[in-house]
Amino acid sequence: MTDIAIERSTQWLSGAGLRPTRQRMTLASLLVGDGQDRHVTAESLFEAASDADEKVSLATVYNTLRAFCDAGLMREITVDGSKSYFDTNMTDHPHFYWEDTATLTDAPAEDLEIRHLPDAPEGAEIASVDVVIRLRRK
């Protein structure tokens with residue numbers, strides 16, 4: 001980890017009130033260490049940690065991603081009801097899901113227009129709207 005990656009990771013975790021454990025720092029550095037937003041699966045983050053010779057179990061990756069989501073550092077986007085992606089970009093924005101590579105990328109938010117949503121049922125309120133646009137290459 002570079003000094004800049006350590007600093008970014010420490011600030012990211014402390015800003016959410018999370019203790020910077022070794023595992024959290026390792027995964028945070030992979031997620032935000034270079035200042036870029038990421039869309040990862042638990043498996044892809046586990047693989048990135050392994051490629052960096054970092055010792056962390058897949059169960060720890062899942063638990064840490066859940067803790068990051070619970071702390072408001074990331075959000076989970078579910079595709080097909082079973083495949084979860086974790087996004088470090090916390091702004092409201094749509095996503096492209098590339099079916100051929102099973103990857104998730106940001107779609108331009110300025111091009112999305114939702115004119116009307118149905119009313120929420122009695123006793124409920126709309127918490128958020130996730131837009132995932134599925135793509136396949138021609």
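## A network of salt bridges

In this predicted model, Asp-80, Glu-99, Arg-134 and Arg-136 are joined in a network of salt bridges. Let's walk through its pairs. Arg-134 meets Asp-80 with N and O 2.8 Å apart. This pair ties together distant parts of the chain, since Arg-134 sits in strand S6 and Asp-80 in the loop between S2 and S3, 54 residues apart. Arg-134 also forms a salt bridge with Glu-99, with the closest N and O atoms 2.9 Å apart.

Arg-136 lies in the segment after S6, 37 residues from Glu-99. How open are these residues to the surroundings? Asp-80 is exposed, because its relative accessible area of 53% is over 50%. Arg-136 is exposed too, at 66%. Arg-134, at 40%, and Glu-99, at 29%, are partly exposed. Across the structure, the count of salt bridges comes to seven.

## Helix H1 and its two sides

Which residues of H1 are buried? They are Ala-5, Ser-9, Trp-12 and Leu-13. These cover an arc of only 90° around the axis, so they lie on the same side of H1.

That buried set packs against helix H2 (22-32) and helix H4 (58-70). On the other side of H1 you will find Asp-3, Ile-4, Gln-11 and Gly-15, which are exposed. After H1 comes Gly-17, with a positive phi near 75°.

## Helix H4 and its neighbours

H4 also has 13 residues, and the distance from its first C-alpha to its last is 18 Å, close to the expected 18 Å. Its buried residues are Val-61, Thr-64, Leu-65, Phe-68 and Cys-69. Their arc around the axis is only 140°, which means they share the same side of H4.

Several elements cover these buried residues, among them H1, H2, helix H3 (42-51) and strand S2 (75-79). The face turned away carries the exposed residues Asn-63 and Asp-70. H4 is followed by Gly-72, whose phi is positive, near 85°.

Leu-112, Ile-114, Leu-117, Ile-126 and Val-129 make a nonpolar surface patch of about 390 Å². One of them, Ile-114, belongs to the loop between strand S5 (103-106) and strand S6 (132-135). Ile-114 is partly exposed, with a relative accessible area of 44%.

Methods
Residues numbered from 1 in each chain as written. Predicted model: local features only at pLDDT ≥ 70, side-chain atom pairs only at ≥ 80, totals over all residues. Heavy atoms only, no water. Patch = residues over 30% accessible without salt bridge, like charges linked within 9 Å, V, L, I, M, F, W, Y side chains within 5 Å. Areas by Shrake-Rupley, 256 points an atom, 1.4 Å probe, with all protein chains shown as cover. Salt bridge = Lys/Arg side-chain N within 4 Å of Asp/Glu carboxyl O. Helix = DSSP H or I, 4+ residues; strand = E, 2+ residues; numbered from the N terminus. Buried < 20%, exposed > 50% of the residue type's maximum accessible area, 1.4 Å probe, protein only. Arc of directions from axis to C-beta. Contact = heavy atoms within 4.5 Å. Expected span 1.5 Å × (residues − 1).
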